[in-house]
Amino acid sequence: MNATANTAMMVSSIVDDASRERLTALVREVLAEAKQQGATTAEVGVNISQGLSVSVRLGEVETVEHTRDKGLGLTVYFGQRTGSASTTDFGREALRDTVRAACAIARHTAEDDCSGLADPDRLAREIPDLDLHHPWNPGVDKAIVLARECEAAARGVDKRITNSEGASLSTHEGLEVYGNTHGFLGAVAGSRHSLSVSVIAQDDAGMQRDYWYTAARDARALDAPAMVGRLAANRTLKRLNARRLSTRQCPVLYEAPIAGSLLSHFVGAIRGGALYRQASFLLDSLGKKIFTDFVRIHEQPHLKGALGSAAFDGEGVATVPRDLVRDGVLLGYVLDSYSARKLKVPTTGNAGGVHNLTITPGSDDSRDGGGRAASGTAADDLAALLKRMGTGLFVTELIGFGVNTVTGDYSRGAAGFWVENGEIQYPVEEITIAGNLREMFLHLAAVGSDVDRRGNIRTGSILIENMTVAGS
């Protein structure tokens, strides 16, 4: 796709006082219409967004995509019967039809004594500014320049970089307003920008690929395009001449960018839906030790500018910092109002997911004699974690999805590096790592200080004491 002369045009931000007022008035109008049509209670979410995505490959522009979206979702309650409908048409008649459709559905559904709005006393009273909105509109021409610079830096690192899967730059901003008939109404503007590149290296032994990316709410916090390109190229080059391993038992060190997947499995096992359906290997684990003593996992929903920050969840419930795991003991679940009622406990403010879930860096020997974090001790960086592991597998890529959240059985394809005496020896591929999540959590030996902050789960590299590595 060729950039035309007008592609340098800058697009203004869609988030301003007028748009907030317009969407707020829209929410109030739809809630009033729902009450007028007989709903006992109702909730409405409305959003507008825009974005730009550009991709280049081998220096040529492949795609340029502008997006501009809007939508409104409505849920009505007739007692404890529920109906939902949505629309992208904000015209008055279309909104009435949407309310009418939701009400018709609710009148024909069965009662569910756990349905309904979040409890009024749990709704957010204050909505702090969490610095989530930093619009960035570079224009197509500038976006192409940045993507090309990123790819060119990767391709220029070494003559063994022979091909590219392309570089992509994307920018996005949006505004969401949520309100319900309990009187809650909140508006949140946010942005997310990213730059990524993936390249292919080749030598006499074959080809390998790898990638790197940078992401932030504020474009000024993105890594420089040349740095992203060089990192992607160097990661790819290190994978050349990969070998297979024989089947064995050994420690496994997950690199920080993929270590978050372990915490994702943990969250899936303590999510309300899995618990009330009795489909989790962590069923009835509240108050029990499920990790090693040093492990602390907590939510930080109010971090300024972080990608997972939120003042309230998808139901308007106020978010609060809290420990899910402390000293290895499970202290809380991940619940919205419906699953909380199913379990007969209060909601945890997690409608829509967790908020900056963080595992604190450390290890067993960073604790004092009483099991508390020892003052003045620094967590290991990646190099120190490799030394700690000694001999084992350093995993940098996971392939496929072989996780059973009912039993905790875990099996994933993997690639990475074999380590001896704390030093990387050679790259490995076409292997499978396997274990059981319950045992893996209990034998989590260390969390590194190399924390990856590019998403909603924040963790350093994670060392597991022993797993099965299946190879040739």
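Trainee: At the start of H1, what does a side-chain oxygen of Asp16 reach to?

Mentor: Keep in mind that this is a predicted model. That oxygen of Asp16 comes to within 3.2 Å of the backbone nitrogen of Ala18.

Trainee: How do you know that the span of H1 is close to the expected one?

Mentor: H1 covers residues 17-36, which makes 20 residues. From its first C-alpha to its last it reaches 29 Å, and at 1.5 Å a residue you'd expect 28 Å. Just after H1, Gly38 takes a positive phi of about 110 degrees.

Trainee: Which residues of H1 are called buried, and what covers them?

Mentor: The buried ones are Ser19, Leu23, Thr24, Leu26, Val27, Val30, Leu31, Glu33 and Ala34. Their cover includes strand E1 (41-57), strand E2 (60-78), H2, strand E4 (161-180) and E5.

Trainee: On to charges. What makes Arg100 and Asp97 a salt bridge?

Mentor: Their closest N and O atoms are 2.5 Å apart. The cut-off is 4 Å, so the pair qualifies. Arg100 and Asp97 are three residues apart in helix H2 (residues 92-108), which means about one helical turn separates them.

Trainee: Are those two buried, exposed or partly exposed, and how do you know?

Mentor: Buried means under 20% and exposed means over 50%. Arg100 has 41% relative accessibility and Asp97 has 37%, so both count as partly exposed.

Trainee: Why is the pair of Asp210 and Arg239 also called a salt bridge?

Mentor: Here the closest N and O atoms are 3.5 Å apart, within the 4 Å limit. Asp210 lies in strand E6 (residues 206-216) and Arg239 in the loop between helix H4 (225-238) and E7, so the pair ties together parts that are 29 residues apart in sequence.

Trainee: And what makes both of them buried?

Mentor: Asp210 has a relative accessible area of 4%, and Arg239 comes in at 9%. Buried is under 20%, so both qualify. Asp210 and Arg239 also belong to a salt-bridge network that links them with Glu165, Arg209, Arg235, Glu255 and Glu397.

Trainee: How about Arg326 and Asp323: buried or partly exposed?

Mentor: Asp323 is buried at 17%, while Arg326 is partly exposed at 41%. Their closest N and O atoms are 3.0 Å apart, and they form a salt bridge. By this rule the count comes to 20 salt bridges.

Trainee: Now the strands. How do you know that E7 and E18 pair?

Mentor: Pairing takes at least two bridges. Strand E7 (residues 248-254) and strand E18 (residues 462-470) have six, in the antiparallel sense, so they pass. Tyr254 stands opposite Ile462 in E18, for example.

Trainee: Which other strands are joined to E18, and by how many bridges?

Mentor: Strand E15 (residues 423-436) is joined to E18 by three antiparallel bridges, with Ala434 opposite Thr468. Strand E16 (residues 444-447) also has three antiparallel bridges to E18, and there Leu444 faces Ile464.

Trainee: What makes E10 and E17 edge strands?

Mentor: The open sheet of five strands has the order E10-E9-E8-E11-E17, with mixed pairing. Strand E10 (329-330) and strand E17 (457-458) each pair on one side only. Strand E11 (residues 357-359) pairs with E17 in the parallel sense over two bridges, and Thr358 stands opposite Arg458.

Trainee: Last topic: the largest nonpolar core. Which of its members touch the most others?

Mentor: Of its 50 residues, those are Tyr254, Phe266, Leu393, Tyr410 and Ile433. Helix H5 (residues 256-270) gives the most to this core, with eight residues. Beyond its neighbours within four places in sequence, Ile433 is in contact with residues including Tyr254, Leu393, Tyr410 and Met467. Another core, of 27 residues, lies apart from it, with Ala42, Val44, Leu74 and Ala85 among them.

How values were computed: Residues are numbered from 1 along each chain as its sequence is written. This is a predicted model: local features need pLDDT of at least 70, side-chain atom pairs count only at pLDDT 80 or more; totals for chains, interfaces and linings use all residues. Side-chain values use heavy atoms; hydrogens and water are left out. Helices (H or I, at least four residues) and strands (E, at least two) are DSSP runs, numbered from the N terminus. A salt bridge is a side-chain nitrogen of Lys or Arg within 4 Å of a carboxyl oxygen of Asp or Glu. Buried means under 20% relative accessible area, exposed over 50%, partly exposed in between (1.4 Å probe, protein chains only). A nonpolar core is a set of buried Ala, Val, Leu, Ile, Met, Phe, Trp, Tyr and Cys residues joined through side-chain atoms within 4.5 Å. Contact means heavy atoms within 4.5 Å. The expected span of a helix is 1.5 Å times one less than its number of residues. A polar contact is a pair of N or O atoms within 3.5 Å; within protein, one must be able to donate a hydrogen and the other to accept it, and residues adjacent in sequence count only if both atoms are side-chain atoms.
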